Amino acid sequence: MQKLFYLLFIMLVYSCSQSAKDPADKKSFSEAEEKSAIMKTIEDETTCFYQRDFECWKTHFVHDSYAFQAWNNEDGTFSAKAGWDEVSKNVAAYIKDNPVEKGGSSHPLVVRRNMIVKFFSENLAYLAWDQYNSYENDSKYFYSKDQRIMEKINGKWKIANVSSYWDYRNLIPAEQLSSL
């Protein structure tokens, strides 16, 4: 019995010493670094979408049943899809039905402001911001209110939820953008 006690005691001490080392061995979580990585994913996804590159676009999204996409349309309707299969079908159809010139972009300049970032864990984050999307040779911008839920999968940030609501009626002249 005493041998068993000593064996358990040694195992406990060894286990504690190993777990005490783990935090020092781990890279500490940096919200600034993670936000930068998230913004890179968001910027790349936006570029791919506006260039109508479906293969590029889908690399930035979560491919699971909880993926979600929602936006309003210029005619007053909206599109909301849940699950990767529905999201990808909807975006593929949108890209096909709304082409741009090869190498072109529907909105080559995008300005993001008033960024809100909330990390719920090291692998889950919420973002919301004001976005200005260029139009007509960059002389005017559409305003949109955007939101994303981001999930870190295998070390890379992916979009789990995208919601983007545009004001199609009130274009903003480029010269007013700096005062907003």
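So, secondary structure: the chain has five helices and six strands, taking helices as DSSP runs of H or I with at least four residues and strands as runs of E with at least two, numbered from the N terminus. Reading from the N terminus, the order is α-α-α-β-β-α-β-β-β-β-α.

A quick word on what we're looking at. This is a predicted model, where local features need pLDDT of at least 70 and side-chain atom pairs count only at pLDDT 80 or more, while totals for chains, interfaces and linings use all residues. Residues are numbered from 1 along each chain as its sequence is written, and side-chain values use heavy atoms, with hydrogens and water left out.

Of the 180 residues in the chain, 32% are buried, meaning under 20% relative accessible area with a 1.4 Å probe and protein chains only; exposed is over 50%, and partly exposed is in between. As for contacts (heavy atoms within 4.5 Å), among those between residues at least 6 apart in sequence, 53% join residues at least 24 apart.

Now let's turn to helix H4. Which residues of H4 are buried? They are Trp 84, Val 87, Ser 88, Asn 90, Val 91 and Ile 95. These cover an arc of only 165° around the axis, so they sit on the same side of H4; the arc is taken from the directions from the helix axis to the C-beta atoms. In general, an α-helix has 3.6 residues a turn, so residues three or four places apart point the same way. Covering the buried residues of H4 are, among others, helix H2 (31-50), helix H3 (54-58), strand E1 (68-72) and strand E2 (78-82). On the face turned away from that buried side, H4 carries the exposed residues Asp 85, Lys 89, Lys 96 and Asp 97.

On to the pockets. On a 1 Å grid over the protein atoms alone, a pocket is an open set of points where a 1.4 Å probe fits, with protein on both sides within 12 Å along at least five of seven lines, and lining residues have an atom within 4 Å of a point.

The largest pocket has a volume of about 630 Å³, counted as the space filled by probe spheres set on the points, which are joined across faces, edges and corners. Its lining comprises 31 residues, with Phe 49, Tyr 50, Tyr 94, His 107 and Trp 166 nearest the centre. Strand E6 (156-173) gives the most to this lining, five residues.

The second largest pocket holds about 180 Å³. Ten residues line it, and Lys 27, Ser 28, Phe 29, Glu 34 and Glu 122 lie nearest its centre.
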